[in-house]
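This short report goes through one model in plain terms. Please look at the sequence and the structure before reading on.

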Amino acid sequence: MTKLENSTMERPFHREHRSTVGTFTSDNPRIVCRSVDVYYGEKHAVQNINIDVGRHQVIALIGPSGCGKSTFLRCLNRMNDTIPDCRVTGDISMDGIAINGPEVDVVPLRAQVGMVFQKPNPFPKSIFENVAYGPRIHGLASNPSDLEEIVENSLRRAGLWDEVKDRLPQPGTGLSGGQQQRLCIARTIAVNPEVILMDEPCSALDPIATAKIEQLIDELRALYTIVIVTHSMQQAARVSQRTAFFHLGHLIEVGETAQVFTNPQHQLTEEYITGRFG
Ligand SMILES: Nc1ncnc2c1ncn2[C@@H]1O[C@H](COP(=O)(O)OP(=O)(O)O)[C@@H](O)[C@H]1O
Ligand SMILES: [Mg+2]
């Protein structure tokens, strides 16, 4: 058993030390994860993760490729259920309610905990329909003008309204990459989520589109809780309040972003943020 304690022990930490250092709890948690393990068949991909996700905060998940960031992220809205042979154990609760029991209906859960992917993936439909689709299937609009209002508000929140208001019937796939990603964010917002998961949302975008999304993330934090996977440490430092560093399936360190980047407690964190391995 790993001890569940918030250690703030002095550096240097032994490189092989694998229980999480730093403060993994949050004063005002929206999501609480305890002893979460994920297996792909025999492979133990994510091991004994304990972490809280604070309300109205951005938490960044960082670490080298293959360390389990996406796997862990997918636990938070049960997307691992869609992968054959993938098994998730442990306790994950949102606002005190367990989300990984067999009785939980994943359809409303995935509206409540929305997801934005690495590659913008608008539906092959109009800009309007991309955003209207979710509210329609979840029955959120009682009449067409309600639906129009939801679409407009979602596009405004996603910072896209002014760019698309005159072309709503045109295909979403005709937008630029950055606009498509904001359309996907609008689509997520349209079904009233509480949490938004983002898996490397800027890695297919140019620097200007990236800056727009980063600014948007900062604005969205007032309304939503955001968990973002990023391979860019600069991005983690810019957009997040807390940072979690993963390595080989373990959560090595978690803490306030400024602290993790300026005063890491674990040797592996220090080596990673100073670029000694990637
Ligand atoms: N669908 C899958 N089937 C089997 N193994 C997988 C699958 N997805 C990821 N893995 C493995 O799980 C580990 C963590 O992967 P992943 O969560 O994608 O890492 P990251 O997002 O940090 O790059 C890796 O070893 C990867 O090869
Ligand atoms: Mg990944």
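What is the mean pLDDT of the protein chain? In this predicted model, the mean is 94, and 96% of the residues of the chain reach 70 or more. Over residues 1-9, however, the pLDDT is below 50. Beyond near neighbours in sequence, the stretch 1-9 has nine contacts in the model.

**A pair of helices**

Two packed helices are described by the angle between their axes and the distance between the axes. For helix α6 (residues 177-189) and helix α7 (residues 207-220), the axes come within 9 Å and cross at roughly 20°. Angles under 35 degrees count as roughly parallel, and α6 and α7 are therefore roughly parallel to each other. The crossing in which α6 passes α7 is right-handed. The table gives the residues that make the contact.

| Helix | Residues in the contact |
|---|---|
| α6 | Gly 177, Gly 178, Gln 181, Arg 182, Ile 185 |
| α7 | Ala 209, Lys 212, Ile 213, Leu 216 |

By class, the residues of this contact of α6 with α7 are four nonpolar, three polar and two charged.

**The surroundings of ligand 1**

Which residues surround ligand 1? They are Tyr 40, Lys 43, Ala 45, Gly 63, Ser 65, Gly 66, Cys 67, Gly 68, Lys 69, Ser 70, Thr 71 and Ile 83. Strand β3 (43-54) and helix α1 (69-75) each supply at least two residues of this shell. The largest share, three residues, comes from α1. Sorted by class, the shell around ligand 1 has six polar, four nonpolar and two charged residues.

Key
Residues numbered from 1 in each chain as written. Chains lettered and ligands numbered in written order. Predicted model: local features only at pLDDT ≥ 70, side-chain atom pairs only at ≥ 80, totals over all residues. Axes fitted to C-alpha atoms, helices over the stretch in contact; angles between N-to-C directions. Helix = DSSP H or I, 4+ residues; strand = E, 2+ residues; numbered from the N terminus. Parallel < 35°, antiparallel > 145°, perpendicular 65-115°, else oblique. Left-handed = near helix turned anticlockwise from the far one by under 90°. Contact = placed C-beta atoms within 7 Å. Nonpolar A, V, L, I, M, F, W, Y, C, P; charged D, E, K, R; others polar. pLDDT = per-residue confidence, 0-100. Near = placed C-beta within 6 Å.
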